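The following exercises are to be worked through with the sequence and the model at hand. Each task is followed by a solution in steps.

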Amino acid sequence: MKKVIQHATVLGSGIMGSQIACHLANVGVKVLLLDIPPKEISPAEEKAGLSLEHPKVRNRIVNDSLSKAVKMNPAPLFDMAYASRISTGNFDDDLDKIAKTDWIIEVIVERLDIKQSLFERVEKYRKPGTFISSNTSGIPIHLMTKGRSDDFNQHFLGTHFFNPPRYLELLEIIPTAHTKPEVVDFFMHYGDRFLGKTTVLCKDTPAFIANRVGVFGIMDLFHKVSEMGLSVEDIDKLTGPLIGRPKSATFRTADVVGLDTLIHVANGLAQAVPNDEQKEKFVLPAFLQKMQENNWLGSKSGQGFYKKVTNADGKSEILSLDLDTLEYTSQKKSKFATLELTKNIDDIRERFKVLIKGKDKAGEFYRRSLAGIMAYAANRIPEICDELYRIDQGMRAGFGWKHGPFEIWDAIGLDKGIELIEAEGLSLATWVMELKASGGNGFYKIENAQAHYYSIPDKDYKLMPGGKSFIVLDHIRPTKTVWQNSECAVEDLGDGILNIEFRSKMNSLGGGVLAGINKGIELAEKDFQGLVISNQGDNFSVGANLGMIFMMAVEQEYDELNFAIKYFQDTMMRVRYSSIPVVVAPHQMSLGGGCEMSLHADAVQAAAETYTGLVEFGVGVIPGGGGTKELTRRASQRYLKDDIETNAYREYLFMIGQAQVAKSAKEAFNMGIFLEGRDGISLNRHRLIADAKERALALAANGYVMPVRERDIKVLGKQALGMFTVGAHTMLEGGYITAHEKKMVEKLGYVMSGGDLSSPTMVSEQYLLDLEREAFLSLCTEKKTMERIQHMLKTGKVLRN
């Protein structure tokens, strides 16, 4: 279907409606956001002499909702300027405007009669062929269009975003029996490519896929917690990052989402799935019923499973709820012998094998809970979907799990999973036994670096949809690694492109990673067309290895530290000056050295959710891997182009001095970290490496030539140095910075000024790198810097000293 969505109308401006409007604006769509007009004027409106007919009054609800949404933290917009893409109105005055829209999405109250009534009004103005969808989380999609025309039904489906729409990757696509197949195909593609979502095709069944399985998993734990004598803290310890789940785990997540939301879905499922073999699990346990009666609904009501109080010492403390007594008590540290056995296992999939063998309560918990979720997921096929991978996708993208139920099952082994399920006395899906009988030993397998899934109807393995559009390094690494050390791997992505993957702790940049970058460039220059630097860790890189810097400074091994910093600088320059194009593909946190790498790339292909900046000031030093040099170079380019005396230098000094971090890839463009015309954004992070590979191939095909080393960077010498020195003194006198921070600013200003040159001068990159390294090393000798680094290593937080 050849269709372009240039304009969308969102019906309903509540928390979800306003945020969906914002995300559509993020991707360049113009949006009309509509809601009901108020029935009464507010006291402020009455005081201003306004009537119910005044335009400001009639659009008050929608305007107030949108105003609150754009101020949310985390922000729903990539860039605040994108709010201008959203116009507002109300259902009574502006519904006729939908005649010019491409997609209408309904996000109003969850009542079937109200939705049906609104759709009846919508059809009077909707032009034939216009897409229309509902964001309902539970109402059957097919019931909403009763009485609507054939064209309306053919272009209608469910498009269920998860909250918050910008950040959660899942978009469930739910067609009815009347939806045209080409409409379904369009939204599966549009959600993936243009909205950056994992689009999951669902059947029109209660709660669809992710909430059906995810809420079962939560409710199953709620019932097990009392049976097993485990506490709130125990469950959150057992169901968090240890097994690849969000840090908020189970009970804290319930508090954040709101227990009223969870209870609403659970109650709905308890009534809607009479034939579900586990329907009793959706019945609220006694403690949850009591919490509902007490209005203990989580963060929104001030208390739920956790409660923040001020203790007797006047300090803030977070108490946890005792589920037996329903009293709040100080949290107790959870400790299980089984968990200790996994401390040195980085691969989460390998941890599952150890966890289910535990002899303590933790081991029992994992055996029982994993059996429950695996059996339940298997029994939902073909009820909620026909393909098993859709359930795994839904749980990963909607609930933040690293591995879905079938991926976990593969991790522990097909036979072991069956054993756990049978030990719990749970029903086992027939198709699982058919898989075993056929000689299959898992739900997925990798062939030729491509993932295949077990197709239940075909009773055979089929290639996962997407093919080469999704490059998964876990699939490539076993057969396509051409070089590796303990911190880095170089892999062949095919078509003449190599990839350098960081594999150090938190992808920090130490000697092993730097060696890998140099080796990767060497290999690419010899036998390949281009190079990508990317990985699929939680973050691209948190920066340089602070522990290494701290130890060298403590031991006063300044020659070795000088060599290490020069090696870092030389490696960044190698990224810029090689005979093949180098594309850096950052995602999530790309800080310090990670940012410096992007600054030196031939091109950057960034995930939309990339948070990047030069944050070295937080640990008491200046950027020492070429970052200070590079921003000075860019300031020079702006100065020479615009002839604005000192402004560009001051702007970049503030960026470094305030450790500014872009909160999206778009914001990184605004800050000048990423460059228009050179760099790009991938809305879907899972396509990032494939997109970066295409950028490298395009650069190579267009006749890439290594840049010439620059020797004409204009620095202002004493003219700028004086300005920076006076500014630092003023900030100190005003109490805005500490004495140590004043010294840091002066060192930074010295480098960006090119030293104390008597007049503006043209200098080389190497000249600035030498000044940068000298300043970095001198700050490393400062006691205050060492205190900051040590504090950061211990707590992960910045120390002001």
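**Exercise 1.** In which loop is the place of Asn 448? Determine also its backbone angle phi and its exposure.

*Solution.* The model is a predicted one, in which local features need pLDDT of at least 70 and side-chain atom pairs count only at pLDDT 80 or more, while totals for chains, interfaces and linings use all residues. Residues are numbered from 1 along each chain as its sequence is written, and side-chain values use heavy atoms, with hydrogens and water left out.

Step 1. Asn 448 belongs to the loop between strand 12 and strand 13. Helices (H or I, at least four residues) and strands (E, at least two) are DSSP runs, numbered from the N terminus.

Step 2. The phi angle of Asn 448 is near 55°, which is a positive value in a residue other than glycine.

Step 3. Asn 448 has a relative accessible area of 75% and is therefore exposed. The classes are buried (under 20% relative accessible area), exposed (over 50%) and partly exposed (in between), with a 1.4 Å probe and protein chains only.

**Exercise 2.** At what angle do helix 23 and helix 33 pack, and which residues make the contact?

*Solution.* Step 1. Two packed helices are described by the angle between their axes and the distance between the axes. Axes are lines fitted to C-alpha atoms, for helices over the stretch in contact, and angles run from 0 to 180 degrees between N-to-C directions.

Step 1. Helix 23 (residues 546–554) packs against helix 33 (residues 783–795) at an angle of about 140°, and the axes are 10 Å apart. Helix 23 is therefore oblique to helix 33. Angles under 35 degrees count as roughly parallel, over 145 as roughly antiparallel, 65 to 115 as roughly perpendicular and the rest as oblique.

Step 2. Helix 23 contributes Leu 546, Gly 547, Ile 549, Phe 550 and Ala 553 to the contact, and helix 33 contributes Met 786, Ile 789, Gln 790, Met 792 and Leu 793. Contact means heavy atoms within 4.5 Å.

**Exercise 3.** Asp 204 and Thr 205 are to be compared. Where is the place of Asp 204, and why does Thr 205 count as buried?

*Solution.* Step 1. The loop between strand 8 and helix 9 holds Asp 204. Thr 205 is also placed in the loop between strand 8 (198–201) and helix 9 (210–227).

Step 1. Thr 205 is buried because its relative accessible area is 13%, whereas Asp 204, at 23% relative accessibility, counts as partly exposed.

Step 2. Not counting residues up to four places away in sequence, Asp 204 touches Pro 140, Ile 141, His 142, Ile 174 and Pro 175. With neighbours within four places in sequence left aside, Thr 205 is in contact with Glu 383 and Ile 384.

Step 3. Asp 204 and Gly 158 are 46 residues apart along the chain, and their C-alpha atoms are separated by 8.6 Å.
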